[in-house]
Amino acid sequence: MAKCFALMGWSLPVIESMQKTGRPFVVVSFPDFESYAQENNIPFLPYQLDEWSDTSNSLDLFEKLKAFDADVAVPLYEETVEWAGALNSIYRGDPRVLNRAFLFRNKAMMKRKALIGGLRVGLFEEVFNKEGVKAFMKRLNQANLQLDGEEDSWVHIKPFASAGTVGHRLLRSMSDVDEKCEDSDFPCLAESHLPGREFSCEAFINKGKIRFLNITEYVKLGYSNFIPEGRYLESKRDLIHKEVQKMVDIFGIEYGMVHPEWFLTEKDELNFGETACRIPGGHILELCSKSYEFDALAAFVICHDPNITEEELDEIFPAKDFKPKNYHGNVMIYPQKRQFSKLEIPESLNNEPYFVEHTLIAPYEGQKLSADRNGFGNHFGTINFKGEDPDRMTELLKHYEEEEFYV
């Protein structure tokens, strides 16, 4: 068993889950959180995680963590993946642990490793300016045997090391490159559009093997999802499990949780999008906890422990034959107008049997949306649902994605 988990980043839900387990931990985060931690008896080490210098580096942090007897580092957010990788490479005496952390933080490096290992990936390239994107799109058009006058091949550009949809742009034409791209977008990764039905997995790994696999059904990426997966993806579970384990083997992942996104084609082929090794967005682990009746946040942390026993692993996960009784889903609500004054909850929602609760907050007077939101921006709350029919769940999530709550 780990002597002490170093939680890299601040997350109250994770802290509360770890407190319930009774396992020792220390939170490593910015000094801004120190007073709250002290007031609530949370073991805490203040550290400037946004800089890397002579006074802020993994060797210095390793020394400071000795006071807590820490021996396992856990990345809670994208920006702490390298920190955890550097610390764990020291704890395990294996420099490749840090190298693998770089895989998760550089999407071009990640794609190359996936391609070398035999995963299905699209065409991709590092680009440095708008002309580079146009040249990439032209080569895609040629590869797809486009004729003059036909629609250009779609291109996605995304930063090398940002989480989720931050900085992600879909370019459908040459003119989009000029209209949508900014000089600040570069350098970045350009990649071809992947066909298929998009979904994510949350695979809890220990000693290089999948110990528990969740499949998250995306109704609309960045807006709505539910767990467990619907009937169609459930029928492909064996195929998905095999492909995720293949990815784990290719990347050499030994401990923790991976959050890969895939595209399943009509020919039962899985295209690899990308993967992360931190807590996913969309409240996915909260939904997973409700459906499978275990603490997925605590399991996420504990899976990082190289010294945990098989018996302890069995205790933290659902039984292998466990079948969820209900589907749990949510819709993340984003205002559809730039300016709004009030929150309106439709009566149809209150009367819906699947409706559980919402976390929407009334706006302040004259509130406006920022014009420079990253990714999908910060949602204003979620609407949570619970029910037995995945088709009804899908229907509800699609409906309330379009509902205008902020007017």
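**Burial and packing in the predicted model**

Gln245 is buried, with a relative accessible area of 13%; buried here means under 20% relative accessible area, exposed over 50% and partly exposed in between, with a 1.4 Å probe and protein chains only. The structure is a predicted model, in which local features need pLDDT of at least 70 and side-chain atom pairs count only at pLDDT 80 or more, while totals for chains, interfaces and linings use all residues. Residues are numbered from 1 along each chain as its sequence is written, and side-chain values use heavy atoms, with hydrogens and water left out.

Gln245 sits in helix 10 (residues 237–251); helices (H or I, at least four residues) and strands (E, at least two) are DSSP runs numbered from the N terminus. Setting aside neighbours within four places in sequence, Gln245 contacts Gly208, Lys209 and Ile210, where contact means heavy atoms within 4.5 Å.

Tyr218 is buried, its relative accessible area being 13%. Not counting residues up to four places away in sequence, Tyr218 touches Glu198, Phe199, Ser200, Ser224, Asn225, His259 and Glu261. Pro187, by contrast, is 31 residues from Tyr218 in sequence and 29 Å from it in space, C-alpha to C-alpha.

Helix 1 (residues 12–21) brings its own set of buried residues, namely Val14, Ile15, Ser17 and Met18. Viewed down the axis of helix 1, these fall within an arc of 165°, so they line one face of the helix; the arc is that of the directions from the helix axis to the C-beta atoms. An α-helix has 3.6 residues a turn, so residues three or four places apart point the same way. The partners of the buried residues of helix 1 are strand 1 (5–8), strand 2 (25–29) and helix 12 (296–302). Just after helix 1, Gly22 adopts a positive phi of about 80°.

Now for the protein as a whole. Its secondary structure comes to 15 helices and 17 strands, and 51% of its 407 residues count as buried. The radius of gyration is 22 Å, which agrees with the value near 22 Å for a compact globule of 407 residues; it is taken over C-alpha atoms, and the globule rule is 2.2 Å times the number of residues to the power 0.38. Along the principal axes, the C-alpha trace spans about 65 × 50 × 50 Å. Of contacts between residues at least 6 apart in sequence, 66% join residues at least 24 apart.
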